[in-house]
Amino acid sequence: MHLPTRLGALALTCLLPAAVTALGQERIISITANNSASAFQIAGGPVAGGGQILVSDNDYWGVIRAAGNLVQDFGRVTGVNYTLSCGKAGAPPARYEYSGVNNLNNTHFTTLAPSFFAGPSYAEPAPAKVVVIAGTIGKSAVIDALVAAGKLDVAATKGKWEAFTSQVVDDPVPGTARALVIAGSDARGTIFGIYDVSEQIGVSPWYFWTDTPPKVSKEHYVVAAKKVQGSPSVRYRGFFLNDEQPALTGWVSERFPDTTYGPGYGPEFYKLIFEVLLRLRANYIWPALWASMFEVDDPGNQPLADAYEIVLGTSHTEPLMRAQNEFGKFYQGPWAYNLNNQTIDDYFRYGIQRAKPYARNSLWTVGMRGTGDTAIEGLGVEHIVEMLQTLVKNQRNLIAKGLGGVDITKVPQAWCLYKEVMSYLFHGLEVPDDVTLLWADDNWGNVRRLPTLAERGRAGGAGVYYHFDYVGDVRDYKWINTIQLSKTAEQMHMAYARGADRIWIVNVGDMKALELPINHFFDLAYDAKRWHVDSTDEWTRLWATREFAPAYAAEISNVVQRYSMYASRRKFELVEPQVFSVINYREADAVLEQWANLVADAQAIYDKLPGALQATFFQTVLQPSMAGEILTRIQVGGARNNLYAGQKRNSANDVISDVLALSQQDANLTMRWDALLGGKWKHFMDQTHLGYDGYWQQPMRNTLPSMVHVQTNFPSLAGHIGIGVEGSNATIGGDDKYHSNSGNTLAVPPLDPYGPSTRYFDVFTRGTKECEWEAVPWQPWVKLSPSKGTVGTKGSDTRVLVSIDWANAPPAPYASTININVTTPCRGIDRYYFRVPMVQVPVVNRVVPSTFSAGFVESDGVVAITGAHYQAIKPPAQSGGANVSYHTFANYGRTGSGVGLVPQGAEKLSLDTAPALEYSVYLFTNHSAANVSLYLSPVLNYLGEDVPVEYGIALFPAGEAQPTPTVVRPVGPTVGGNMPDGWGGAVADSVWGRQGSFTRSSFKVAREGAYTLRIWALMPGIIVQKVVVDLGGVRPSFFGPPESFLVGRDKKGAFDSTSFVDEVGTLGGRKK
């Protein structure tokens, strides 16, 4: 593994103000000199009229082009034009010459007349104005001369991969007193050094894509004498433009002229893509494929990537530099190597011939899948494995021969083990040692496989194909950003720790709207040591500082991290009416409260931002926050309508009106997006996102959830007023399928001193006139708020909160059900049909013994625990094992945190060598089968099926000997292209444990008392978000019961945990 190194004069770093900075990079440039005598001014003062950038005309074209960007960037931030020179008078612009492919004949290789890309124009040499010199070691005449003269020390950079040195040099060339010299180990090293300066003077990498304005300052100083930037942590870092319509293709089709074969995916488009990749210190791309054919749509595409120094690859379904659509368009016969190998070999030969001039910047995808990114069909697994072995052997021979007899083991190659291809390894598939094993995630951001110890020594190494966007089962997700940054950090650091550091490629779909997670992903890949697994909070603050300003950074960071959690815990496309409970744990209300607070905070930031920053903030923060809230309100509205319609409430119709208004808000938000900046980003929000009906594919039009209208011309048979209670769909008076026939009572969930401080019942109109009502409990220590009111045409449905005055309630032990009469003078003939409704309140007063001084207390038949809130860590039974410990991952998971093992590269442990999380609980309920469920992050068997993910668990009376733990294997085997049982629910819910019994273990609780719960994670990646001990009280919900009362932390009489937002540690919750 390659860790980036930073050497150099760090002593001067403390002089830097916080106004302008490259995100996370060692800073060498400031807008003030800070009274430093060694500071070197590169803008303003003596160069107020504009400085000059010096390059050598024999350097790489891509380096010269990037230097031209630096000239523009100085102009953007200073308002003064800088110039570019190669030190020669009258020099013409640099040219990258190529002979483009004849894209009218794509089966017989020929080329067109020579063509070229012109670099930036050179100005006449002005040595006195030179402030920056940039070039590549061994390629640039001026850099090599400085090295030879002993003026530039590149010992720490020369020969490295993509490294650079930035150093202030006195008298670097005749006529120049002083200059900042950027020397790269290779072309991209120099380019990254150039863009490092661009970012530090105040130009965001996203200046085009998110319209981030430059940080204007007339003056800039180099305040560090030298900076050495080592090689990136990951060798190849890139993204896959998976252009599955409509967004990107719609935008491209309107902005750029069509190419020969489709929409305008030509050089003018890819210039924008390649530049932002390089500014983000990335180097690799899988081009768009569904509506285009990169290499033949425009003959300039492939040479352009090489000119820019972008490493060109192709996706997992496009071997040997040929676009997916080429075979079906230009060749005959099936895409089946066992049936059509001669034609397919010719197809590969052509791709190699076409790519040969650009081989220096090529990474070859080998292997093969079926037609249209599907599995190979019609053969048994054994025959597929045999065929693929032959295929890859032939592919490698073709590459070696086509590139002039090169040593194939020196040619970068990757085999993407995507979906079913990974399973072929279990059936004997052998991958050549020099080919990179590109392991894929599960399309939902969970790594499926990582290198084992035996695989970590492979010459080709390993990498990860990751997803921020996906089309397929369980459901498409490609509308807007739904990525949790802390989850990305956790998963990619686990990959890095296990040696998957050769390639990181991420599927970004249409790219737009994913700028923030893309930037984060590339920063992790560039410098994994700097951006460690717990760095997300710092990273978002520094991102906000760069994109906006330090004054807003903390607030924006908080909003971004909350959005990141809310959007990722259930992809928007999977948010449906039934997801968040509208009757249990006040869950839906809590979710909507979080979204409302988020949008309010985002809007407040937007309102106080300078106007120049508002478009950027709208695109990256405000619009997705508003969109997420609107969608969630629509879906919860659908659930409420169905609940209310079932209870025959008049307000069911009001909900329909509300949802229709929200639908218009959704449309208005899209129209606002389309109109932004004169329509610059029109079509990027064309993606449908409402109306999924159980099928994974996108709906063709946004539609609302099914809702039911209530006829309100006549009152309910049971009268004008109805009663509904927390935890039930039922209503009284009257009949329904949720309670006994003609029954007049409904019970709220129980109240006790260790549970929620309130329960509720709703009083609502089911009639045609205003009606007063009054609720009277049978005991004075049962408190109601309010206890009377009016419902009807002018009144509204009323929620009544029920609480207990424990100071005046019967002392413990006490258990009884207290009735509440709900009466109204509005009764008519319904009084002959149904009895007066009565709400019942189970009340339990109890205390834990004083000897139980720390731990969680059962209430309502449940103990719920945030995973990170353990009481102790029990050391391993055997010493001398792996040096592992538990670590809390902050701002992570569905509500706030998770706890799992570190270091993340540790091998599997046993019950004897693993430490245990220990939780203390006090249980009142005797139960023959207390079910303990863990809510685990959606881990998979990432070391293979023979090293499955497992954990141990034991629940036993405190103080007694620990029984043999139960070993749980939550993740089943992968069979072929299928995922393990329960995987679909796990990724939809963002946890194992909400659905099914995959993390459920049963224990006998013979008596009331204190118990010890221990959990042994036996592998990193097992991250516990929540623990639920169910003694018969758990109700259906998305998040599960809110965390229980913790003795030693919570106070009786002041504890209130009615929903997950009341939990300690909930991101965006009510408690800090």
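This is a predicted model: local features need pLDDT of at least 70, side-chain atom pairs count only at pLDDT 80 or more; totals for chains, interfaces and linings use all residues.
A disulfide, taken here as a pair of cysteine sulfur atoms within 2.5 Å, joins Cys 771 to Cys 826, with an S to S distance of 2.2 Å. Residues are numbered from 1 along each chain as its sequence is written, and side-chain values use heavy atoms, with hydrogens and water left out.

Helices and strands here are DSSP runs numbered from the N terminus, helices being H or I of at least four residues and strands E of at least two. Both Cys 771 and Cys 826 are buried, where buried means under 20% relative accessible area, exposed over 50%, and partly exposed in between, with a 1.4 Å probe and protein chains only. Two other cysteines are buried as well: Cys 86 has a relative accessible area of 9%, and Cys 416 has one of 5%.

Let me turn to helix 2. In this helix, residues 141-148, the residues Val 142, Ile 143 and Leu 146 are buried. They cover an arc of only 100° around the axis, which puts them on the same side of helix 2; the arc is that of the directions from the helix axis to the C-beta atoms. What covers the buried residues of helix 2? The cover includes strand 4 (52-54), strand 8 (130-136), strand 9 (164-170) and strand 10 (178-184), with contact meaning heavy atoms within 4.5 Å. Just after helix 2, Gly 150 takes a positive phi of about 75°.

Strand 8 is itself mostly covered, since 7 of its 7 residues are buried. Two strands are said to pair if DSSP finds at least two bridges between them; strand 4 and strand 8 run parallel and are joined by 3 bridges, with Gln 52 opposite Val 130, while strand 8 and strand 10, also parallel, are joined by 5 bridges, with Gly 135 opposite Ala 183.

Elsewhere, 8 strands form an open sheet with parallel pairing, in the order 15-14-13-20-19-18-17-16. Strand 15 (311-312) and strand 16 (364-366) stand at the edges, each with a single partner strand, so one side of each is left without a neighbour in the sheet. Strand 16 is joined to strand 17 (residues 413-417) by 3 bridges, and the bridge partner of Val 366 in strand 17 is Trp 415. Helix 10 (residues 381-402) lies across these two strands and runs at about 155° to strand 16, the axes being lines fitted to C-alpha atoms, for helices over the stretch in contact, and angles running from 0 to 180 degrees between N-to-C directions.

Not counting residues up to four places away in sequence, Arg 255 touches Phe 208 and Lys 680.
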